[in-house]
Amino acid sequence: MSDMDEVVREFLVESYEGLDQLDRDLVALELDPKNSDRLSAIFRCIHTVKGTCGFLGFGKLEKVAHVGENLLSLLRDGKIELSQDITSGLLKLVDAVRQMLSAIEATGAEGTVDYSALEAELADLAKVGKTEEFSMDDAEALFRAAAEKAKMAAAVASAVARVMDEPASARAMPAAAAPVVAPAAPAPAGVPHAEHPVAAPSADDPKVSTLSDTSIRVDVQHLDRLMNLVGELVLARNQILQFTGQIENVAFQATTQRLNLITTELQEGVMKTRMQPIGNVWSKFPRVVRDLSRQLNKQVTLVMEGAETELDKTIIEAIKDPLTHIVRNSVDHGFEMPEKRVAAGKNGEGKLLLRAFHEGGQVNIEIIDDGNGIDGEKVRAKAIEKGLITADQASRMVERELQNLVFLPGFSTAEKVTNVSGRGVGMDVVRTNIEKIGGTVDIVSAKGEGTTLKIKIPLTLAIIPALTVTAGGDRYAIPQVNLLELVRLEPGVGPGIEKMHGAPVYRLRGNLLPLCYLGRELGREYTEPTGDQAINIVVLQADERQFGLIVDGINDTEEIVVKPLGAHMKGLSTFAGATIMGDGRVALILDVMGLAHRANVISETRDRRLVELAEAEAKAAAERAKNTASLLVFGVGEQTRMAIPLATVARLEELQRDTLERAGGREVVQYRGEILPLARLSDLVGIMSNENLDQPLQVIVYQRGGRQVGLIVDAIHDIIEETVHLERPVDGRDLLGSAVIQSKVTDLLDVEGVLRNAFPSLFSDADEGAYA
Amino acid sequence: MSAIVSSATQYCTFYLDGQFFGIDVQRVQEVLRHQTLTPVPLAAGTVRGLINLRGQIVTALDLRQRLGMPERTSNKPPMNIVIRSDDEAVALLVDEIGEVVDVEEGRFERPPETLQGPARELIPGAYKLDDRLLLILDTDKAISPQYGS
């Protein structure tokens with residue numbers, strides 16, 4: 001690598017770091033616009049970028065940074081006040097700088113994107129704050145001159161710093177170079193208002209200097225190599241420990257013991273170097289939340305708890321995208337508009353809480369919002385509409401299961417597709433990515449109150465505790481996270497393994513545990529155990545379902561170093577990797593999920609569970625059906641409200657009074673090419689009619705067999721579905737009873753009885769017809 | 001591929017069912033005597049198992065099977081030729097290891113049309129040595145999972 005490349009690379013690393021800090025600072029500044037320390041830090045960062053890129057000859061980047069610097073200096077000097085627009089403009093500036101930096105990283109040049117619009121926007125923002133003191137042009141000219149000097153000073157300073165540092169290993173600490181450049185550059189500029197804020201913060205910012213003094217940047221690859229070597233050392237140590245039992249030598253015994261201790265400590269130490277606080281991933285969320293909520297006109301505050309919780313670097317990398325997606329999703333779908341929140345009695349400003357903590361060797365991450373929650377019914381409808389589940393399946397699901405449907409591929413409840421989320425890719429990918437690193441994700445939501453996403457992930461992927469078992473003469477490792485318990489069946493005790501039409505099961509505390517033979521699932525030789533030998537069952541958990549794995553032998557629990565399998569075994573879902581055992585031989589690590597799928601354990605239990613659910617649901621439905629009914633409520637006479645079961649009603653009609661004719665002593669009407677006999681309900685039940693003669697007739701068409709009759713009522717009120725508590729009528733004629741419906745006393749009409757009296761022929765004929 | 005064939009002048013040689021084969025010596029990481037193999041159930045037939053090579057896990061492929069040759073009958077355990085590839089190491093199981101030979105470029109010839117079966121893809125040609133033919137193995141294809149099984 002040439003010297004120039006090295007300089008550019010250093011510039012990139014430095015600038016990226018500065019920009020990340022800038023994102024955080026800008027959002028923080030919005031909350032506390034008067035914080036001059038922050039403003040100065042921001043100014044300094046942009047200034048450094050500008051100065052260095054001028055030195056390196058990136059003119060375009062320099063120009064953009066320059067316009068931003070102008071704006072910042074006005075802010076810093078209190079000439080203009082920070083507004084949301086200015087913050088947005090500055091964030092855009094950060095994005096533009098970042099874009100150019102990545103272009104430089106990729107191609108060595110700044111790229112072809114035109115930033116003149118952004119430059120104009122930033123200049124406009126600066127004009128808003130124009131004061132009488134300077135005209136903008138004056139200021140512009142002054143700043144340009146100052147910047148020119150600053151640039152030169154920066155160039156000189158960094159060149160000097162570079163030359164002086166050359167023999168030392170200062171390269172490894174690029175952060176150390178930044179303070180050298182920053183204070184030196186603006187000092188000779190001599191622009192009004194420029195001196196004090198620049199000099200001050202570098203002094204009262206001790207964090208920066210202490211951090212660069214005590215930490216160094218190390219390539220992750222080095223750490224990975226170290227990690228691998230330590231893994232090897234652990235294995236070698238394990239092998240040596242096996243010899244200690246055979247060799248009776250006190251010195252040797254003592255040495256191995258020390259080796260043992262040192263190795264353990266070294267392993268812990270190296271693991272620690274790879275640990276990073278989860279705050280590193282979270283740090284970009286304040287800006288994500290701010291930008292998004294502003295774009296959507298929502299108000300959301302982000303609260304982070306446990307940002308110092310540490311995780312292995314590889315895991316941090318792996319959860320970055322899923323977490324970002326969840327946060328975006330939450331702001332986009334989770335929170336209601338402020339008015340709606342206030343209307344619902346909530347604080348107009350939503351709260352998004354990120355929480356991380358260690359528990360039982362795992363890291364828990366919770367993303368909690370106090371938004372709208374997940375509407376199970378909406379999810380159900382959407383899932384059916386998208387054909388992800390059948391209506392039949394959906395009807396059997398409980399609320400929790402419905403909510404978990406959001407993890408199905410191709411699911412999105414967003415009513416409209418925004419550019420934020422709702423494109424139907426998302427939560428399924430989130431779940432897959434988290435499961436890929438051995439984690440789980442669960443969703444809990446109460447409608448109207450909010451949603452909590454719980455993620456559990458292992459601390460590290462590299463070394464995990466595992467149980468080793470043997471089957472078909474080979475050893476396999478089972479990750480401890482999947483392990484629930486071990487069961488050893490002694491011959492002649494209890495019922496042992498039973499069969500349900502060939503499918504082996506075991507009664508574990510009263511419940512049937514489905515079983516599979518590891519040897520058989522892996523296609524190895526295996527002998528089905530006979531009744532006179534002990535059987536080992538490893539009870540495993542896969543996707544909330546339990547199953548028993550029958551193995552030939554259970555060995556030991558130990559820490560294993562997980563190594564990936566080669567390309568030839570990529571398609572094998574039954575193995576999660578391989579490891580090297582204490583004796584130096586390779587053992588495969590079982591992927592419990594994959595194994596469960598292969599053994600059909602998952603589909604089997606899922607079906608069984610669905611059936612059980614369906615049975616419970618059907619029972620409850622039958623219980624409800626006893627009392628619930630759909631009723632048509634109508635009025636007869638002045639006061640009386642009556643209801644009949646909706647099931648007996650064919651149609652409701654409005655008939656013009658002049659269409660009535662008479663036939664056989666009855667009122668009739670020509671209806672759909674037939675003669676529809678009519679009866680006035682008021683006459684039939686002996687109530688004075690209260691009908692409005694100016695209105696059309698309200699007719700309930702009652703159908704029985706192939707025949708229809710019309711029942712004229714005074715008014716149709718409503719169709720309701722309600723649980724009805726019938727009370728026996730005082731006067732039983734024509735009524736089944738009375739009930740309170742919609743807080744009014746309503747009579748349930750014995751419609752059949754009434755019509756039987758009025759139209760005897762209808763019933764006799766119809767019955768015959770029915771049996772014909 | 002042809003570039004590799006013409007540029008390599010040294011070949012690491014080995015025997016398979018009495019035939020004399022060569023692999024570009026640049027691609028060979030090392031040669032190992034027989035190692036204990038951990039079989040991988042459910043994997044493709046060419047995957048004979050996994051080897052622990054100083055902490056690195058190496059996939060061992062049965063080259064006989066890969067070339068459509070009969071199973072090994074001899075009691076002599078197979079040898080491993082460890083091939084470096086982009087991100088992993090793969091071991092090829094062979095009957096016996098020969099010497100490293102220098103070849104003259106002019107002696108290379110493509111296989112006749114009568115060479116058929118899986119071997120045709122893997123053997124781009126042979127060098128006509130004085131006493132016998134040295135069959136050249138296309139290393140990349142031989143260890144590629146895409147061509148496997």
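## Interface of chains A and B

Chain A and chain B together bury about 1,900 Å², with 69% of that on carbon and sulfur atoms. Buried area here is the accessible area (1.4 Å probe) that two parts lose on being put together, summed over both. On the chain A side, A:His568, A:Met569 and A:Val586 lose the most area to chain B, together 35% of what that side buries. The contact (heavy atoms within 4.5 Å) takes 25 residues from chain A and 22 residues from chain B.

B:Ser144 touches A:His568 and B:Arg66, leaving aside residues up to four places away in sequence. B:Ser144 is buried, at a relative accessible area of 10%. The cut-offs are under 20% for buried, over 50% for exposed and partly exposed in between (1.4 Å probe, protein chains only). B:Ser144 sits in the segment after α4 (139-143) of chain B.

## Model and conventions

This is a predicted model: local features need pLDDT of at least 70, side-chain atom pairs count only at pLDDT 80 or more, and totals for chains, interfaces and linings use all residues. Residues are numbered from 1 along each chain as its sequence is written, chains are lettered from A and ligands numbered from 1 in the order in which they are written, and side-chain values use heavy atoms, with hydrogens and water left out.

## Chain A overall

Chain A has 25 helices and 29 strands. These are DSSP runs, numbered from the N terminus: helices are H or I with at least four residues, strands E with at least two. Of the 772 residues in chain A, 45% are buried. Among contacts in chain A with a separation of 6 or more, 66% join residues 24 or more positions apart.

## Nonpolar cores

A nonpolar core is a set of buried Ala, Val, Leu, Ile, Met, Phe, Trp, Tyr and Cys residues joined through side-chain atoms within 4.5 Å. The largest has 57 residues. A:Leu518, A:Leu549 and B:Leu67 have the most contacts inside it. A second, separate core of 43 residues includes A:Val281, A:Leu292, A:Leu296 and A:Ile326.

B:Leu67 has several partners beyond four places away in sequence, including B:Leu16, B:Phe21, B:Pro118 and B:Leu137.

## Helix α19 of chain A

Helix α19 spans residues 427-436 of chain A. Its residues A:Met427, A:Asp428, A:Val430 and A:Ile434 are buried. They cover an arc of only 160° around the axis, so they lie on the same side of α19(A). The arc is that of the directions from the helix axis to the C-beta atoms.

Cover for these buried residues includes α14 (313-334), β6 (440-446) and β7 (450-458) of chain A. A:Gly438 follows α19(A) and has a positive phi, near 80°.

## Salt bridges

The whole structure holds 31 salt bridges over all chains. A:Arg507 and A:Glu498 pair at 2.7 Å, N to O. A:Arg507 is partly exposed at 44%, and A:Glu498 is partly exposed at 24%. B:Glu71 and B:Arg48 pair at 3.3 Å, N to O. That pair links distant parts of the chain, 23 residues apart. B:Glu71 is in the loop between α2 (63-66) and β6 (79-84) of chain B, and B:Arg48 is in strand β4 (residues 47-53) of chain B.

A:Asp95 bridges to A:Arg98, with the closest N and O atoms 4.0 Å apart. The two are three residues apart in helix α4 (residues 84-107) of chain A, so about one helical turn separates them. Salt bridges that share partners join A:Asp95, A:Arg98, A:Arg287, A:Arg290 and A:Asp291 into one network.

Definitions and conventions
Salt bridge = Lys/Arg side-chain N within 4 Å of Asp/Glu carboxyl O.
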